[in-house]
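Let's take a walk through a protein fold together.

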Amino acid sequence: MGFFDLFKKQKPGIAQEPQAAGASPSAAAPIDYSPLIEMAAIISNGDAKVATDITLLATDPAAFSAQHREWLADFGYEADEELGSEEIRDIFAYWLVGYETPFEYGAYIDWKEAPEEITAQLDAALEKLGYPLTTAEIAIEETGTADDTMTALSAISNLCEMSGFALAILDTESDSYHLFIVPAESYDRLVALAESLDYRVYSAD
């Protein structure tokens with residue numbers, strides 16, 4: 001079991017379709033992951049190195065796995081382990097937030113994260129993106145509960161909306177959050193691209 005699998009939760013209300021008699025599992029059409037390339041461009045404000053990495057992930061997951069073997073091994077993936085849809089989604093999320101990568105275009109937080117930790121990570125991402133926005137001005141009275149996290153996310157989302165940006169959360173079906181701030185005019189496109197892969201991007205509103 002890989003590191004990402006430790007945080008997986010079953011999607012409610014989604015059942016597996018029964019396989020037709022005589023059908024071969026290998027008969028399924030391969031998934032086109034190319035929407036990840038545009039998603040990465042939106043999230044990273046067009047970072048060329050991100051584009052190179054995510055293009056490889058989207059077009060040749062096996063080659064990405066071979067090229068980044070040490071990074072994937074730290075997550076518990078074996079060299080011959082095939083990367084499925086959920087693994088590719090999670091790799092994309094961790095790669096873009098800067099989890100042991102040089103990018104840091106978002107924030108990776110726990111379900112109960114202190115507001116100042118959330119804003120610190122997002123402000124570092126905003127500075128790297130070159131966007132004229134800071135979130136540190138948000139003041140939240142902490143209670144030491146998960147309510148602090150949700151209150152902070154809602155406040156950050158509102159601040160972004162007033163400033164021409166949007167807080168986008170990539171759902172990894174886990175008890176953590178991968179947060180990105182994107183231009184408001186790009187948010188709906190990001191959501192649509194994610195949906196085309198059966199992934200979910202949503203707001204904290």
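The protein has eight helices and four strands. Here helices (H or I, at least four residues) and strands (E, at least two) are DSSP runs, numbered from the N terminus. Follow the chain along its sequence and you get the pattern α-α-α-α-α-β-α-α-β-β-α-β. Bear in mind that this is a predicted model, where local features need pLDDT of at least 70, side-chain atom pairs count only at pLDDT 80 or more, and totals for chains, interfaces and linings use all residues. Residues are numbered from 1 along each chain as its sequence is written, and side-chain values use heavy atoms, with hydrogens and water left out.

How much of the protein is buried? Of its 205 residues, 45% count as buried, meaning under 20% relative accessible area, with exposed being over 50% and partly exposed in between (1.4 Å probe, protein chains only). A contact here means heavy atoms within 4.5 Å. Take the contacts between residues at least 6 apart in sequence: 64% of them join residues at least 24 apart.

Now find helix α1, residues 35-44. Seven of its ten residues are buried, namely P35, L36, M39, A40, I42, I43 and S44. These buried residues pack against α2, α5, α6 (115-129), β3 (176-183), α8 (184-196) and β4 (200-202). Just after α1 comes N45, with a positive phi of about 55°.

Two of those partners also meet each other. The axes of helix α2 (residues 48-59) and helix α5 (residues 85-97) come within 11 Å and cross at roughly 170°. That makes α2 roughly antiparallel to α5. (Axes are lines fitted to C-alpha atoms, for helices over the stretch in contact, and angles run from 0 to 180 degrees between N-to-C directions; under 35 degrees counts as roughly parallel, over 145 as roughly antiparallel, 65 to 115 as roughly perpendicular and the rest as oblique.) On the α2 side you'll see V50, D53, I54 and L57, which meet I88, I91, F92, W95 and L96 of α5.

Next, the strands. They form an open sheet of four, in the order β1-β3-β2-β4, with antiparallel pairing; two strands pair if DSSP finds at least two bridges between them. β1 and β4 stand at the edges with a single partner strand each, so one side of each is left without a neighbour in the sheet. On average, neighbouring strands are turned by 35° against each other, direction ignored.

Four bridges join β1 to β3, and D110 has S176 in β3 as its bridge partner. Which residues of β1 (residues 107-110) are on the covered face, and which on the uncovered one? A107 and I109 are covered, while Y108 and D110 are uncovered. Helix α7 (residues 146-162) lies across β1, β2 and β3, running at about 140° to β2.

Finally, look inside. A nonpolar core is a set of buried Ala, Val, Leu, Ile, Met, Phe, Trp, Tyr and Cys residues joined through side-chain atoms within 4.5 Å. The largest one has 61 residues, and L36, F92 and L179 touch the most other members. The helix α5 gives the most to this core, with eight residues. As for L179, the residues that it touches include V97, I118, L153 and I169, leaving aside residues up to four places away in sequence.
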